[in-house]
Amino acid sequence: MALLGILVVFLVIVIIIAFGIGGNDETFAGIYGSRILNMKQIMILATIFAITGALLLGEAVSKTVGKGILVNLDDAIVITILISTAIWLILSSALRLPISTTHATIGAVIGLGIALNEKLDWMKIIELSIWWVLSPIIGFVVSFIVFKLMRAYKIKHLNGFQSLEKTEKSFTYIVLIIICITAFSRAGNDCSNAVGIVVGIGDIKVNLLLLITGLSLAGGLLVLGRGVIKNVGRITELYPSTAFASQIPTAGILFLGTTLGIPLSGSHMLVASLVGLSKASHTPAKKGLWKIVLIWLVTFPAAAILSIIIYLPVNSFF
Amino acid sequence: MKFIKDKRSELLNTSKDFYREVLKGSDLLHGCINDLIDGKLNKNKLEEVIQCEHKADQAKEKYINILYKGKRSLPFLVEDRYRLIKYLDIVSDNSEDLAHGLIVYPFKLFDDIKADMKIINDLYQESIESLVEMVNLMEMDFKTAYQKSFHIETLKRSAREAKYKILGVLYQKPKEKSLRVYLTSKICIKVYDMIVRAEEISDYLRSLIVKYPSK
């Protein structure tokens, strides 16, 4: 009975975490901004990929939150980190602002590390901080260059409205396919963040757990995610080709970063690449961009403070 | 996929219907002005110009309905196509307006302006033909469309010369009935205004040709 109680508590935590992560998922922003699909269609696709990604990839990816930064990790610390990250994600999603999950997680890790006087790997933290600064710069520069190259190509080859329609239609399919793949793999990755704390408790079936996580990710997307997607998708004027110019380099560099073990932030890169696009195309960026930058700056200390506040009740429970 | 292609071809076919009526109307009006020059104005032919405008209006409405049907992944293109058809419709409206004016025009043309009237009338027809051709070229060939716009500009310059020649002659007729002078000058000015409108539209199209690759 006691085990069942613990399991229920853990499941609730998993649902909150997955809901928070799903709520701040801006993967479909390019598709929304370029009007390839409307919000209803996006929500249907996002739900399908959240659930299938969680079910098919969630099990394969296993993660230990905070590993490499905090030397000693126990259950209470891991749960605290996850809950504080989820709360901060839900708060920023409610404000329709995209943040980096990794950024929030590491803020919480460092906050707890300092509060508990645990040993922190400061070299690792500095290395991560450098990449956080570099991520938006890379996103900005790459999308700027890609847009300029595409423009040069268009000047040379664009020949009439019909050729423009044809080109944009091709980009529609490319962007759609790549974003769907990203959504699918991201769901698997996000799922592992949430599910990791429950695996091994009681006789709960992993598939059922993954399904609950997938549904929670989708729930977050449906309730809060649409606001974030709309906000990011409207940063600048987007068409299928410009959505390609912003999304594809982001996806490519993120993939490269993951392969090389560089922790780049997808959210930061995407937002910066949209700003890069707006600069390259001389289209004014949306007003209120400062709110996104502000929340990026606040995320680190806020997640740290949240984790310290949450640790006390969590520690007494576990 | 089939649906998207159908929608595009439906849009193009409707636009062709509209252009055809605009051209037919301008051809008929050109013929009517020539008849006026020859002193045998046919009012039934002028009614046909008005009918053409009505048919063009119907085609325009159909075009706009198709244009705004469904999702719009390229809103700027939809808006530009809409503007384009609206501008051409103004040309067609002006033709109808002049046709109405000619129906009630009670005089014969002065002999000494007939040659220049013929010139400006031919320039009117050529500029409308060139404009419709340019609009069609916008779909498939920006470069040729761009060149075409300069040709329309040349036509406007020639038309301006002809217009002031006609007005110069008309303003030297103090002994003639002032109403005859006024109404005749009105015909000349209205024909010239349609050429100016065509040139303005071609200018707008040229700006689109410059704008599109930067999108």
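Predicted model: local features only at pLDDT ≥ 70, side-chain atom pairs only at ≥ 80, totals over all residues.
1. Residues are numbered from 1 along each chain as its sequence is written, chains are lettered from A and ligands numbered from 1 in the order in which they are written, and side-chain values use heavy atoms, with hydrogens and water left out.

2. Start with chain A. Helix H4 (residues 75–94) and helix H5 (residues 101–115) of chain A have axes that come within 9 Å and cross at roughly 135°, so H4(A) and H5(A) are oblique to each other. Axes here are lines fitted to C-alpha atoms, for helices over the stretch in contact, with angles running from 0 to 180 degrees between N-to-C directions. Helices (H or I, at least four residues) and strands (E, at least two) are DSSP runs, numbered from the N terminus.

3. Who touches whom in that pair? On the H4(A) side, look for A:Ile77, A:Thr80, A:Ile81, A:Ser84, A:Thr85, A:Trp88 and A:Leu89; they meet A:Thr101, A:Ala104, A:Thr105, A:Ala108, A:Val109 and A:Leu112 in H5(A). Contact means heavy atoms within 4.5 Å.

4. Now chain B, which has six helices and zero strands. Its C-alpha atoms fill a box of roughly 70 × 35 × 20 Å, taken along the principal axes. Helix H3 (residues 75–103) and helix H6 (residues 178–211) of chain B have axes that come within 10 Å and cross at roughly 175°, which means H3(B) is roughly antiparallel to H6(B).

5. Next, the interface. Chain B puts 24 residues into the contact and chain A puts in 21 residues. About 2200 Å² is buried between the two chains, with carbon and sulfur atoms giving 60% of that area. Buried area is the accessible area (1.4 Å probe) that two parts lose on being put together, summed over both.

6. How many salt bridges (a side-chain nitrogen of Lys or Arg within 4 Å of a carboxyl oxygen of Asp or Glu) link chain B and chain A? The count is one: A:Glu165 pairs with B:Arg81, the closest N and O atoms being 3.0 Å apart. Over all chains, the whole structure has 20 salt bridges.

Key
Parallel < 35°, antiparallel > 145°, perpendicular 65-115°, else oblique.
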